[in-house]
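This report goes through the sheets, the helices packed on them, the contact between the chains and the salt bridges. Please keep the sequence and the structure at hand while reading.

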2 protein chains.
Amino acid sequence: MAKRIPVKYEEKFSYDIVIENSYENLPKELEGFSIHNKKLCIVTETNVKDFYVDEMMSLLQPCAKEVIVFTFQAGESHKNLDTIQSLYQVLIEHKFERTDMLLALGGGVTGDLTGYAAATYLRGIDFVQLPTSLLAQVDSSIGGKTGVDFQSYKNMIGAFYQPKLVYMNLHTLDTLPKREYFSGMGEIIKHGLIKEKAYYKWLQTHLSQIKEREFSVLEEMIERSCQIKREVVERDPKEKGERALLNFGHTLGHAIEKLMNFSLLHGECVALGIVASSYISYKRNYISIEELKEIEQIVTDLSLPVRLQRTESLTEDIIIETSKNDKKMEHEVIKFILVKECGNAYIDKTVTKEEMKDALSYILTSCS
Amino acid sequence: MAKRIPVKYEEKFSYDIVIENSYENLPKELEGFSIHNKKLCIVTETNVKDFYVDEMMSLLQPCAKEVIVFTFQAGESHKNLDTIQSLYQVLIEHKFERTDMLLALGGGVTGDLTGYAAATYLRGIDFVQLPTSLLAQVDSSIGGKTGVDFQSYKNMIGAFYQPKLVYMNLHTLDTLPKREYFSGMGEIIKHGLIKEKAYYKWLQTHLSQIKEREFSVLEEMIERSCQIKREVVERDPKEKGERALLNFGHTLGHAIEKLMNFSLLHGECVALGIVASSYISYKRNYISIEELKEIEQIVTDLSLPVRLQRTESLTEDIIIETSKNDKKMEHEVIKFILVKECGNAYIDKTVTKEEMKDALSYILTSCS
């Protein structure tokens, strides 16, 4: 069943995305990088370790010069420079050289963190993405964005640095907690809304299979999402233009994520951001009220939030102020992503504070 | 008098090295980057600030949207992630965006540190090198190596990240402390020895003018060294091969630098490394005893050390062990740079521990 999606960087082959239903073929995939001659460090998080590290060790130890494991406490709050420095420390202790390799085994946090360590240790060593969460498989493992949060600002510190391979075993989704799974659906809905109406429609008609994690449907969904992500990052690897479309729902979503102290998952915040952004699209007459309601419906159907409780520290003004410290600013103007129609998004630099406030009022609810 | 040396990266124009005798033309050079629309952060060190920051502010404030200054405590011991994090903090407070710019005003430490912050803040913003020390002008500001030390290991954390411009005002050398000035000569002797016999000979015949910092001689020397550095980094920007030649004297030099807790300057340690490496070249019959002595002579003439006191914590074995944690390792073999003849170096992977020990015994002296 293996699917292979080659990704280019500046017109040249850069790496493969390999979609598999086991880890069986991973050693063969890694052979091409002469791992018999390399030390490998598997970077993983506490909630993933118990499921896959033993299998990974027995697969890789016979093929590599040495395999070590670095485990960090799961959760976005550990995606910071402290964790990175602990990892550097371990790499130095084990005398990792420029020719050695890191493997990111886990969700989006693991991939972002490992990629950043790989980009900066000895001015750059190779790394491989082994995404185990839906979010990482369809979104964060592809395209070379690496980074960590800094003082709770999302991904403030980072680098564009491409992996050597993205290899995913879809059966890791079997053990993914329900909330994590649906969090990944936030990015998938985004892919449909910004790029492909047919895919968005397909999602609507496959809701029950998606919720049931029916394998063949997951396979198709993940492949389609990987293709969308690949096409965008190939055309614009460093987010000079089109790639910013992938930030649909993220401008306000990131601010909410920070203000909620990461108690909401990334995809949950993106879902709220999608609803708010779609509301602006509706107010501008790009989409109809029915389409806005449809978007809220699919978000709700996939166990993602469409409304959030307003609190003293989470008001329209505070969210807008926080979003201004995000990377999406250009000359003090927020690059906002809006949908012109479902399946077609664009970058808008004219969204006013009032429009944002209006949209946030739509998603924030007060205590009754 | 301005000299302009364009530097290519992967066959395409990347940035200019501009050699000037004042800062007068800097605003004009920066105009091309639309700085009227940008915030600038001048990153500088305590011992440079008082000399040039006022002038820089009065030159740049009229042309840029906003100019701020970040000053850190001078010295290699501050080239670390703590300083980097203080800088991130200031950039966030002033809401620096991806389109803004950093300026590195200072010596090698300032350039390495600023370049690394630029490479990683918001996944990369533009930066300009304004090297004020001889070492930075002829060596570290060119070629896009950025980084910081980690637990006293030199440049363990870093990135290859190219500046937008290297602009040097040679009159900054007038105020450079004597020891700093001669430290830069370590890299210049290196350039001659690894790449150009005629230049090495020229240095030998211009010693008194160099020591007197005679302006026209400095001009020629800096231009020639910049050309050598440019040619090497253009051919091998990421140190896959030839660029490693620039590490002549650095393998053992870095280890000494670390073990002496940075009480010796970088160029002083490089000088010791040059003598040790030249000794191996002599023992292998690549160069004659006269040539070895000549090398020691020019090093001594330029106020750089050729011998070092052996102590309990600075022995042959300890230096060798420390050098193994350096970046110059490949599959547990040290990539050592030797001179085949004066003006012609190569990468040697066969240097034994005994050869290194022998060479270190040559430069280490015992209490009498």
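In chain A of this predicted model, an open sheet is formed by 7 strands, whose order is β1-β2-β9-β6-β5-β3-β4 and whose pairing is mixed. At its edges stand β1 (3-9) and β4 (66-72) of chain A, each of which pairs on one side only, and the twist from one strand to the next averages 20°.

Helix α2 (residues 46-60) of chain A lies across β3, β4, β5 (101-106) and β6 (126-131) of chain A, and its direction is at about 160° to that of β3(A). Helix α9 (residues 215-235) of chain A also packs on the sheet, where it touches β1, β2 (12-20) and β9 (165-169) of chain A and makes an angle of about 10° with the direction of β1(A).

Chain B has an open sheet of 7 strands with mixed pairing, in the order β1-β2-β9-β6-β5-β3-β4. Its edge strands are β1 (3-9) and β4 (66-72) of chain B, each pairing on one side only, and neighbouring strands are turned by 20° against each other on average when direction is ignored. Between β1(B) and strand β2 (residues 12-20) of chain B, which run antiparallel, there are 7 bridges, and D16(B) in β2(B) is the bridge partner of P6(B). Helix α4 (residues 108-120) of chain B packs on this sheet by touching β3 (39-45), β4, β5 (101-106) and β6 (126-131) of chain B, with a direction at about 165° to that of β5(B), while helix α9 (residues 215-235) of chain B touches β1, β2 and β9 (165-169) of chain B and makes about 10° with β1(B).

| Helix | Reference strand | Angle |
|---|---|---|
| α2 (46-60) of chain A | β3(A) | about 160° |
| α9 (215-235) of chain A | β1(A) | about 10° |
| α4 (108-120) of chain B | β5(B) | about 165° |
| α9 (215-235) of chain B | β1(B) | about 10° |

The next topic is the contact between the two chains. Chain A and chain B each bring 37 residues to it, and together they bury about 3,800 Å², of which 51% is on carbon and sulfur atoms. Between the chains there are 2 salt bridges, including the one between E239(B) and R98(A), in which the closest N and O atoms are 3.5 Å apart. The count of residue pairs in polar contact between chain A and chain B, with both residues at pLDDT 80 or more, is 10.

On the side of chain A that touches chain B, at least two residues are supplied by each of α3 (81-93), α4 (108-120), β7 (145-150), β8 (153-160) and β11 (329-330) of chain A. Of these elements, β8(A) gives the most, with 7 residues, and the residues of this side divide into 14 nonpolar, 11 polar and 12 charged.

Over all chains, the count of salt bridges comes to 53. One of them joins the side chains of R224(A) and E196(A), with an N to O distance of 3.0 Å. Because R224(A) belongs to helix α9 of chain A and E196(A) to the loop between α6 (178-195) and α7 (197-205) of chain A, this pair ties together parts that are 28 residues apart in sequence.

Definitions and conventions: Residues are numbered from 1 along each chain as its sequence is written. Chains are lettered from A and ligands numbered from 1 in the order in which they are written. This is a predicted model: local features need pLDDT of at least 70, side-chain atom pairs count only at pLDDT 80 or more; totals for chains, interfaces and linings use all residues. Side-chain values use heavy atoms; hydrogens and water are left out. Two strands pair if DSSP finds at least two bridges between them. Helices (H or I, at least four residues) and strands (E, at least two) are DSSP runs, numbered from the N terminus. Axes are lines fitted to C-alpha atoms, for helices over the stretch in contact, and angles run from 0 to 180 degrees between N-to-C directions. Contact means heavy atoms within 4.5 Å. Buried area is the accessible area (1.4 Å probe) that two parts lose on being put together, summed over both. A salt bridge is a side-chain nitrogen of Lys or Arg within 4 Å of a carboxyl oxygen of Asp or Glu. A polar contact is a pair of N or O atoms within 3.5 Å; within protein, one must be able to donate a hydrogen and the other to accept it, and residues adjacent in sequence count only if both atoms are side-chain atoms. Ala, Val, Leu, Ile, Met, Phe, Trp, Tyr, Cys and Pro count as nonpolar, Asp, Glu, Lys and Arg as charged, and the others, Gly among them, as polar.
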